[in-house]
Amino acid sequence: MDRTIAVIDFGSQYSQLIVRRVRELGYYSRLYQPGELDQTGSPAAVILSGGPRSTSEKDAPDIDFEYLKAMGVPVLGVCYGMQLLNIKFGGAVCPGHTREYGPATLIPLSGGTLLQGLSERSQIWMSHSDTVSQLPEGAVVLGENLDSIPVALQWCEGFYGIQFHPEVTHSEEGMLVLKNFLSLAKDPPKFEIESFKDHLLESVREEVGERTVVCGVSGGVDSSVLAKLLFEAGVKVRYIFVDHGLLRKDEAQEVVKQFESVGIEIELVDVSEKFLARLEGVTDPEEKRRRIGDLFIDVFFDVAGDPDLLAQGTLYPDVIESATSGSIASRIKTHHNRVDRILEMKADGRVIEPLHELFKDEVRDLGRALGLPEAVVGRHPFPGPGLAVRCPGEITPDKLEIIREADAIFIGLLKSRDWYDHVWQAYAALIPVRTVGVKGDERSYEYAISLRAVVSTDAMTANWVHLPYELLAEASNRILNGVPGVNRVLYDISTKPPASIEWE
Ligand code: XMP
């Protein structure tokens, strides 16, 4: 599994996306820093990413060119990567004063593999300030833009450069360019989840050895896949599930049962009372988060003690975003000294993160390959602080009860009407305002429930789902008739941004 398509990261916001696209094409790819070229093993091909810097800057990121050439594999420079290669081959780059960002047109010129099969005019996405001003001897222009500026080059056999981002969807034939480039690689390493699973099982066994691992579970996809991976690896594990009292209706029992059904016994720690007490009278959202996060970590380590090893469900995007994020650490949006403890454990080599090379949908595929039921791998995301972020204002047992009942009705309907799997996330929140209504012959003065269903790809942006009126009508009727304390049901039609997915 060590052979990769190595992507060298010059700092572009899209570097990770290149890795992703290469994997989508079926090949195993990883991101490396420019100084790690000698740690890439024997890659089948190398892609040099774009980056925000200018090659003319004094300490601009560099690459060991002699080493790169000696590797003898195809190399593709993207934007910054292309400019750097042009200089290395003896050409020149002219520093630009403004950054050009946006769509452009690529006109493929001659034959050759890289632009094979592209349209006569292909839409590309450019983002650069510098431009190639002088080509070294022997360089061939493979494609240019409408102003006859070279946007695709070949310097010599196997060395290519493009002045656009093939990895973004705005480059309409970008995937074809990547595919063409990878066709030049000799025996490129395939990315198949089955063999990746075997590789992971093997490396977990090796890493853990005779030690005991503690694995926090929540019922969410990442921690469930992690738990099943550890279980299948046959190592010694304690699975700990902290019930902070902010879970949905019957959730704790269902998660326990779900694990039981795949042979895993988990320790359920019910500390709901403690959490509710700690949250009494607190209305500030960040303060709520802080208290939940602090107590969560305290309870977790009280139960876990000083474990030999801690398993975390950190995914690839977390690794790249921050060296410190992890499933437990990321539950806590605010600082806490127990987080330092996780970092200390990490520094001691006592944290394992077996999923750290995977993207979210790959984790789902791995879960399926490990035999987890669809109900687990297809589960909607659920925030660490649970229902607390769906209950603005003070949290009380009564309010939580109302949210649980309303949420169960709404989610149950989405499932029975086949909408659940078409929605990224859905839930009921309580709006802590009492309004006037009529129930029977009496005036009521009760809370409102807001239903939310969104689609998203990464939770950074989201759109509300156009659920059928008939489904919404039924949800509303059932909630109004079946949940005491509610006399109004609203459907949230806010996009993110400016709204967020949760209420707090
Ligand atoms: P927002 O509300 O920020 O949510 O649009 C984006 C995604 O993150 C989840 N979320 C959280 N997850 N701790 C978590 O672990 C939190 O404090 C938290 N707040 C929001 C949210 O459910 C959505 O999937």
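Q: What should I know about the model before I start?
A: It's a predicted model, where local features need pLDDT of at least 70, side-chain atom pairs count only at pLDDT 80 or more, and totals for chains, interfaces and linings use all residues. Residues are numbered from 1 along each chain as its sequence is written, and side-chain values use heavy atoms, with hydrogens and water left out.

Q: Which domains does the protein chain have?
A: Domain bounds come from an automatic or database domain assignment. Here that gives domain 1 (5–182), domain 2 (193–377) and domain 3 (396–491). The C-alpha centres of domain 1 and domain 3 are 49 Å apart.

Q: How do I read a sheet, and what is the strand order in the open sheet of five strands?
A: Strands of a sheet pair through backbone hydrogen bonds, either parallel or antiparallel. Helices (H or I, at least four residues) and strands (E, at least two) are DSSP runs numbered from the N terminus, and two strands pair if DSSP finds at least two bridges between them. In this open sheet the order is S14-S13-S12-S15-S16, with parallel pairing. Strand S14 (267–270) and S16 are at the edges with a single partner strand each, so one side of each has no neighbour in the sheet. Further in, S12 (residues 212–216) pairs with S15 (residues 309–311) over three bridges, in the parallel sense. Look for Val 213 opposite Leu 309 in S15.

Q: In which sense do S6 and S7 pair?
A: Strand S6 (residues 100–108) and S7 are antiparallel, with seven bridges, and Thr 105 sits opposite Gln 123 in S7. S6 also runs antiparallel to S9 (residues 140–144), joined by two bridges; there, Pro 108 has Gly 143 in S9 as its bridge partner.

Q: What does the side chain of Arg 350 make a polar contact with?
A: A polar contact is a pair of N or O atoms within 3.5 Å; within protein, one must be able to donate a hydrogen and the other to accept it, and residues adjacent in sequence count only if both atoms are side-chain atoms. For Arg 350, the partner is the side chain of Asp 306, at 2.8 Å. Arg 350 itself is in the loop between helix H11 (337–347) and strand S16 (351–352).

Q: What is a cavity, and how many of 30 Å³ or more are there?
A: On a 1 Å grid over the protein atoms alone, a cavity is a set of points where a 1.4 Å probe fits but cannot get out, and lining residues have an atom within 4 Å of a point. Grid points are joined across faces, edges and corners, and a volume is the space filled by probe spheres set on the points. The count is four. The largest holds about 60 Å³, and its lining includes Gly 219, Phe 259 and Leu 372. Helix H7 (residues 251–261) gives the largest share of that lining, three residues.

Conventions
On a 1 Å grid over the protein atoms alone, a cavity is a set of points where a 1.4 Å probe fits but cannot get out, and a pocket is an open set with protein on both sides within 12 Å along at least five of seven lines; lining residues have an atom within 4 Å of a point.
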